[in-house]
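Thanks for making time this morning. I would like to walk through one model with you, beginning with the chain as a whole and then turning to a single element.

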Amino acid sequence: MTNNFQADMRFSLNDKDSKLYHKYGVPAIELANDGEYLAAVKLVDKILKDNPKVEFALLLKANYLLNHV
């Protein structure tokens, strides 16, 4: 039996981060909802490659890695 961790996350986005969120974050969330955590992490990593300090990407990646383990 496995348990999935879910968190209610809220964050504000500047214009550049908003574009990254819609390009990579939304598809990553959809993949994670289907249980494809590693695929979701790969998309989030594309955000972090552009800017390693994007708060929402760090939170999503941590959540997906926790659920994958």
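What percentage of the 69 residues of the protein chain count as buried? The answer is 30%, where buried means under 20% relative accessible area with a 1.4 Å probe, protein chains only. Please keep in mind that this is a predicted model, in which local features need pLDDT of at least 70 and side-chain atom pairs count only at pLDDT 80 or more, while totals for chains, interfaces and linings use all residues. Residues are numbered from 1 along each chain as its sequence is written, and side-chain values use heavy atoms, with hydrogens and water left out.

The protein chain has three helices and zero strands, helices being DSSP runs of H or I with at least four residues and strands runs of E with at least two, numbered from the N terminus.

Let me now turn to helix 1. Its 19 residues, 15-33, should span 27 Å at 1.5 Å a residue, and the end C-alpha atoms lie 25 Å apart, which agrees; the expected span is 1.5 Å times one less than the number of residues.

Beyond helix 1 comes Gly35, with a positive phi near 85 degrees.

Note on methods:
Buried means under 20% relative accessible area, exposed over 50%, partly exposed in between (1.4 Å probe, protein chains only).
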